[in-house]
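This briefing goes through one protein model, from the whole chain down to single residues. Please look at the sequence and the structure first.

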Amino acid sequence: MNFTLSWPVVAFYIIALLTLSCGVMMLSFRKVVYMALTIGGVFIGASAIYFLLGAEFVGVAQILIYAGAITILIMFAIMLTNHEAQEPAFEWNLKNVASAVASVLVAIVLLLAIRSTTWPAATTADLNGGNSNPVAIGLVMFKQYAIPFELVSILLIVGLVGAVILAKERKEDE
C-alpha cells in the first residue's frame, strides 16, 4: 500500500478522528440529551467526509436530513418520553471490560481486513452517464431503488411510532 501525505489525507484523518471521538463519547455518556448532541457531531463528520470525496450533494443532504432533522427528532422524542434526569453512574464491571476488549478486537480485525484488501484504482470514467451527482442519485433512486427507499421510510416511521408506544406504556405503569 502506497501512502502519500497530502492535505485531503490529513483532513480525512482529522475528521475521522473527530467523528470517532463523537461516537465514543455518545456511547460513554449517560444522559440521552448529550448522546443526541454527540450523534449530531457524528452526522456532521460523515458529511465532511462526503465533501472530501467530492459528493457535495450527499454532504449537504447529510447535514440537512441527519444533522438537522434527525437530531431534532431525537431531541423531541427525548422530551416527549419524559426521560429520567438521573442516570446510574458508570461502573467498570466484567460486562463493560469484556465489551471494551471485544470492541478493540473487532477494530483490529477490521483494520487488518481493510489493509489486506486490494482496492481498485481510481478511474476517470464517467460513472454518472453525463449527469451531475443530484440528477444521477435521483435517477437511480426512482428508477432502481424506489421500493426499497419507500420501505425504509415506512420502517423508520414504524420504529418511531413503536418507540412512542413503548414509552407511553412504561409511563402508564408507573
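Of the contacts in the protein with a separation of 6 or more, 58% are between residues 24 or more positions apart; contact means heavy atoms within 4.5 Å. This is a predicted model, in which local features need pLDDT of at least 70 and side-chain atom pairs count only at pLDDT 80 or more, while totals for chains, interfaces and linings use all residues. Residues are numbered from 1 along each chain as its sequence is written, and side-chain values use heavy atoms, with hydrogens and water left out.

**Whole protein**

- The protein has 6 helices and 0 strands; helices (H or I, at least four residues) and strands (E, at least two) are DSSP runs, numbered from the N terminus.
- Along the sequence, the pattern reads α-α-α-α-α-α.
- Of the 174 residues in the protein, 12% are buried; buried means under 20% relative accessible area, exposed over 50%, and partly exposed in between, with a 1.4 Å probe and protein chains only.
- The accessible surface of the protein is about 13,700 Å², and carbon and sulfur atoms hold 73% of that surface. Such areas come from the Shrake-Rupley method with a 1.4 Å probe, and for residues only the protein chains shown count as cover.

**Helix α1**

- With 22 residues, α1 reaches 31 Å from its first C-alpha to its last, close to the 32 Å expected at 1.5 Å a residue. The expected span is 1.5 Å times one less than the number of residues in the helix.
- The buried residues of α1 are A11, I15, A16, T19, C22 and G23. They lie on the same side of α1, because they cover an arc of only 130 degrees around the axis; the arc is that of the directions from the helix axis to the C-beta atoms.
- These buried residues of α1 pack against α2.
- L17, L20, V24 and L27 are exposed on the other side of α1.

**Helix α2**

- The 21 residues of α2 should span 30 Å at 1.5 Å a residue, and its end C-alpha atoms agree with this, being 30 Å apart.
- Buried residues in α2 are A36, T38, G40, F43, G45, S47 and I49.
- The cover over the buried residues of α2 includes α1 and α3 (56-80).
- After α2 comes G54, which has a positive phi near 85 degrees.

**V24 and T38**

- V24 is placed in helix α1 (residues 7-28), and T38 is placed in helix α2 (residues 32-52).
- In sequence V24 and T38 are 14 residues apart, and in space they are 9.0 Å apart, C-alpha to C-alpha.
- V24 is exposed, with a relative accessible area of 55%, whereas T38 counts as buried at 9%.
- Apart from its neighbours within four places in sequence, T38 is in contact with C22, M25, M26 and F29.

**Aromatic pairs**

- The whole structure holds 3 aromatic pairs. One of them is F12 with Y13, which is edge-to-face, at 5.6 Å centre to centre and 65 degrees between the planes.
- Rings of Phe, Tyr and Trp (its six-membered ring) pair if their centres lie within 6.5 Å; planes under 30 degrees apart count as stacked, over 60 as edge-to-face and the rest as tilted.
- F12 is partly exposed, at 37% relative accessible area, and Y13 is partly exposed, at 43%.
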